[in-house]
Amino acid sequence: MTDDGGPALEVAYNPVPAAGRVARHQATRLRLALQALVIVAVVALIWAITRSSFDLGTLAGMLVGWLVVFAVLFIIQNLRLRAARKDLLTINEGVVLRLDPRGIAMRREQRVTGPRRSTREEDAADGFQTVPAHPADPALDLVGWHDVQEFAVLGSSMGSGPVVRLVDAAGHRWEVPVSWLDALPGAIDSAARAWSGGRLGLDVTGLDRPF
């Protein structure tokens with residue numbers, strides 16, 4: 001797209017994948033609960049039919065073992081569901097990433113270090129006073145192409161998945177999960193290469209590595 005007479009790729013927040021993760025985890029949690037109830041009902045039926053010839057201690061031991069396994073799986077699923085809900089609530093609206101001839105701009109709230117707000121006093125305290133806002137969108141921090149130290153996708157598929165990381169020459173860092181973006185890494189890479197004169201692209205060699 002174009003803005004102020006110049007070309008730009010604007011990437012907005014996309015909550016759909018996060019909402020899908022919440023729905024999947026909720027469905028899995030419900031399925032685990034139903035499976036546990038079915039096992040309890042089956043064991044009770046087996047005991048009622050064969051109680052005269054079946055060792056109650058063995059049956060009780062099997063039931064307890066199954067319930068422990070389901071309890072552990074249920075707890076893990078609850079933790080995943082909480083994390084997915086937290087991600088969904090964290091996702092904002094509007095443009096989060098912009099690439100144009102000026103450089104790469106990322107939403108200020110995606111700063112990994114530094115303040116979440118943009119007051120001059122907070123920026124100075126965290127060393128972000130040298131990071132300018134993008135002229136087209138004051139909510140974005142602008143890193144000129146000559147100041148980009150790292151622009152990469154890295155991480156594993158755990159949680160919200162790999163992140164796009166932007167690091168400037170001063171060591172300031174911004175990160176946003178790829179699953180939060182409404183553009184694919186290929187489109188972002190093409191824009192970076194086009195507007196950096198082929199000197200910089202989106203590095204994906206860090207995929208599937210721990211954060």
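## Strand pairing and packing in a predicted model

Student: In which sense do β3 and β4 pair, and over how many bridges?
Tutor: The model is predicted. In it, V11 stands opposite L97 in β4. The pairing of β3 with β4 is antiparallel, and the number of bridges is four.

Student: Which strands stand at the edges of the sheet that contains β3?
Tutor: This sheet is open, with five strands in the order β3-β4-β5-β7-β6 and antiparallel pairing. A strand at the edge pairs on one side only, and this holds for β3 and β6 (133-134).

Student: Through how many residues does the hairpin join β4 to β5?
Tutor: β4 and β5 are antiparallel and share four bridges. Among the facing pairs, L97 stands opposite M106 in β5, and D100 stands opposite G103 in β5. The hairpin between β4 and β5 runs through two residues.

Student: How many of the six residues of β4 are buried?
Tutor: The cut-off for buried is under 20% relative accessible area. β4 is mostly covered by this criterion, and the count of its buried residues is six.

Student: Is E10 buried, partly exposed or exposed?
Tutor: E10 belongs to strand β3, and its side chain makes a polar contact of 2.5 Å with the side chain of R98. Its relative accessible area is 26%.

Student: How far apart in space are E10 and A105, C-alpha to C-alpha?
Tutor: In sequence, E10 and A105 are separated by 95 residues. Their C-alpha to C-alpha distance is 9.4 Å.

Student: What does the side chain of R111 contact through polar atoms, given that R111 counts as buried?
Tutor: R111 is found in the loop between β5 and α3 (120-126). Its relative accessibility is 1%, so R111 counts as buried. At 2.6 Å, the side chain of R111 makes a polar contact with the side chain of D141.

Student: Why do the buried residues of α4 count as being on the same side of the helix?
Tutor: The buried residues in α4 are I188, D189, A191 and A192. An α-helix has 3.6 residues a turn, so residues three or four places apart point the same way.

Student: At about what angle does α4 run to β4?
Tutor: The buried residues of α4 pack against β3 (9-12), β4 and β8. The helix lies across β3 and β4. Its angle to β4 is about 35°.

Student: Which residue follows α4 with a positive phi, and near what value?
Tutor: Helix α4 covers residues 185-195. The residue in question is G197, with phi near 70°.

Student: Which residues touch the most other members of the largest nonpolar core?
Tutor: In soluble globular proteins, nonpolar side chains tend to be buried together. Here the largest nonpolar core has 27 residues. Two or more of them come from each of β4 (95-100), β5 (103-107), β8 (148-155), β9, β10 and α4. The members that touch the most others are L99, I104, F151, V164 and I188.

Student: Which residues does I188 touch, not counting those up to four places away in sequence?
Tutor: I188 is one of the buried residues of α4. Setting aside residues up to four places away in sequence, its contacts are L9, V11, L97, L99, F151, L181, A183 and L202.

Student: Why is one side of β10 and of β11 left without a neighbour, and which strand is the partner of β10?
Tutor: These strands belong to an open sheet of four, ordered β10-β9-β8-β11 with mixed pairing. β10 (173-177) and β11 (203-207) are edge strands with a single partner each, so one side of each has no neighbour in the sheet. The partner that five antiparallel bridges join to β10 is β9.

Student: What is the bridge partner of V164 in β10?
Tutor: V164 is among the core residues that touch the most other members. Strand β9, residues 163-168, runs antiparallel to β10. In β10, the bridge partner of V164 is V176.

Definitions and conventions
Residues numbered from 1 in each chain as written. Predicted model: local features only at pLDDT ≥ 70, side-chain atom pairs only at ≥ 80, totals over all residues. Heavy atoms only, no water. Pairing = 2+ DSSP bridges. Core = buried A, V, L, I, M, F, W, Y, C linked by side-chain atoms within 4.5 Å. Buried < 20%, exposed > 50% of the residue type's maximum accessible area, 1.4 Å probe, protein only. Contact = heavy atoms within 4.5 Å. Polar contact = N/O pair within 3.5 Å; in protein donor to acceptor, adjacent residues only side chain to side chain. Axes fitted to C-alpha atoms, helices over the stretch in contact; angles between N-to-C directions.
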